[in-house]
Each structure stands twice: as C-alpha cells, then as structure tokens.
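Student: I am new to this structure. Where should I start reading?

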Amino acid sequence: MQPLARASSRRTFLQAAGAAVALAPALLASGAFVASTHAQEPAPVGPDEALRRLLEGNQRFVDGQFQHDNRSEARRREVAAGQRPFATVLACADSRVAPELVFDAGLGELFVVRVAGNITGPGIIGSIEYAVGVLGTPLVLVLGHSACGAVEAAIQAVNNGAQFSGDIATLVASIGPAVALARSEPGDQLENVTRANARLVAGQVATEADLVRLVSQGTLRVVAGYYDLQSGRVTMLS
Ligand SMILES: [Zn+2]
C-alpha cells in the first residue's frame, strides 16, 4: 500500500502545484502581490523590511539568542493551511549553511532553494518564480559562503585543469564565469570568486523575464550575500 499511497499524494501535489503555477502569469502581469488562495498569513512585507528581518535573524544567530517563535506545534498547524514566506533564499547545499538556522527563521518564513554553489538552472529559476509570483516573496537573497567546495572545484578546474565526473562537471562549469570575473582581484581567490558568483547569480535572477519588471518597479529586490562559516555572520554584497 505504501507505494500506492505515495503515488497518490504525489499526484495530488502535482495537481495543486500546477494550479498554483497557472496563476503566476496573471499575478505577474497585474503586478499584484497576491499569494495563493489558501495562504493564511498577513499581507507580505516590502523588500527592505524583508531584508531587515533576515539580517536581524542573522544577528540573533551570531549572538546565539534564538527566537524560536515560529517552530512550535501551533505554528506547524497554522502553516499547514497555507504559506506566506517573507523571503526567498538561494543557498549552497553545504550542510553548514542552513538558512533557517542562519537567519533564525521558523516554519513558513523562508522559501529556500538549495544547490551546491548556489547556481542557477531552469528548476531553480522556476522555483524562485513560483516563490515570487505565487507566494509573493518580495526579496530574493543569493547566499554564497566561505570555504565553498563547489567554488573551490571551479577554481581548480580553471587554474589546474581539474576534471570532474558526471554532472559534477556541469555544476562546476557553471561557476567558471565567476572565476574569470574575479581573476584580477587581489586577496583570497576562493572568497573573491564566491562573492563574484553570488553577485552574478543574483544578476541572472533579477533579469529573468518574469522578474525583471517587478525589480524595476521596486516591488522585488534581488540581493547577494556572503556567509562566513566561522563568525556565522552574513554580509551583503549588493
Ligand atoms: Zn558551498
């Protein structure tokens, strides 16, 4: 019975997701920041307020003073009925870079997309478009981090001709432009390329066809940040 149950719930999810995504063009065309019909949260904040909330949460994380407000059983039941995250975060898949922890956020507060090297791709862009167009998040943060293995691999590929098997090679190649961009910068190459990559990816997200108009209207901000593993602090790059 387990496989059948799984298949059934997957079908339900896909039907629901399809219905929601179908709403996106209309929402984007009207410029309305209307969340999905089942959202239960209050009206979303603006992009500047969303960024302020993220940075305040990061300060609590750095200080070890967690709020834990939205991690309760009651909150779990509340967001089961609908979500209205206040920010989208595109972060590296690295186990040390968990956005909900780094920004001291609870259930239903962040729409998180994670992939090694915080790169872009059709599925990633589609996820962000869904978060912005349907769920109404007014802020997208692309978050690079110190000691990123994916970025280090890209540097090794460019500098030393290192080769990688399977789709790791594809992933590493997508960070190549950042290696080239940061080539002449003084200082630590790994940090420079990581920062350049986060900025480049943020630029790509901001110029996506479905998002660029919202950015020009000021209803959406796409920013880049850098997370330091040692200090826990996130600094803004844009
Ligand atoms: Zn990484």
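Tutor: Helices (H or I, at least four residues) and strands (E, at least two) are DSSP runs, numbered from the N terminus. This is a predicted model: local features need pLDDT of at least 70 and side-chain atom pairs pLDDT 80 or more, while totals for chains, interfaces and linings use all residues. Residues are numbered from 1 along each chain as its sequence is written, and side-chain values use heavy atoms, without hydrogens and water.

Student: What is the phi of Ala147 near? Is Ala147 buried or partly exposed?

Tutor: Its phi is near 55 degrees, a positive value in a residue other than glycine. For exposure, look at relative accessible area: buried is under 20%, exposed over 50%, partly exposed in between (1.4 Å probe, protein chains only). Ala147 has 43%, so it is partly exposed.

Student: Which other residue has a positive phi?

Tutor: Asp104, with phi near 45 degrees, is one, and it is not a glycine either. Asp104 sits in the loop between α4 and β2. At a relative accessible area of 4%, Asp104 is buried.

Student: Now the metal. Which residues coordinate the zinc ion?

Tutor: Look for donors: N, O and S atoms within 2.8 Å of the metal (3.2 Å for Na, K and Ca); water is not among the atoms, so sites may look incomplete. Here Cys92 (SG), His145 (NE2) and Cys148 (SG) coordinate the zinc ion, at 2.0 to 2.3 Å. Along the chain, these donors follow the spacing C-x52-H-x2-C.

Student: Why does the pair Cys92 and Cys148 tie parts together?

Tutor: Look at where each one lies. Cys92 is in the loop between β1 (87-91) and α4 (99-102), and Cys148 is in the loop between β3 (139-145) and α6 (149-160), so the pair links parts that are 56 residues apart in sequence. Cys92 and Cys148 are both buried.

Student: How do I read the sheet? In what order do the strands come?

Tutor: Follow the pairs. Two strands pair if DSSP finds at least two bridges between them. Five strands form an open sheet here, in the order β2-β1-β3-β4-β5, with mixed pairing. β2 (110-114) and β5 (234-236) are the edge strands, each pairing on one side only.

Student: How many bridges join β1 to β2?

Tutor: Five, and the two strands run parallel. Val89, for instance, has Val112 in β2 as its bridge partner.

Student: And how do β1 and β3 pair?

Tutor: In the parallel sense, over four bridges. Ala91 has Leu143 in β3 as its bridge partner. On to the next pair: β3 and β4 are also parallel, over seven bridges. There, Val142 stands opposite Ala224 in β4.

Student: Why is β3 largely enclosed?

Tutor: Count its buried residues. Seven of the seven residues of β3 are buried, so the rest of the structure largely encloses this strand. Both faces are covered. Leu139, Leu141, Leu143 and His145 are buried on one side, and Val140, Val142 and Gly144 on the other. His145 is also one of the zinc donors.

Student: Let us step back. How many helices and strands does the protein have?

Tutor: Ten helices and five strands. Of its 238 residues, 42% are buried.

Student: What share of the contacts comes from residues 24 or more positions apart?

Tutor: A contact means heavy atoms within 4.5 Å. Among contacts with a separation of 6 or more, residues 24 or more positions apart account for 73%.
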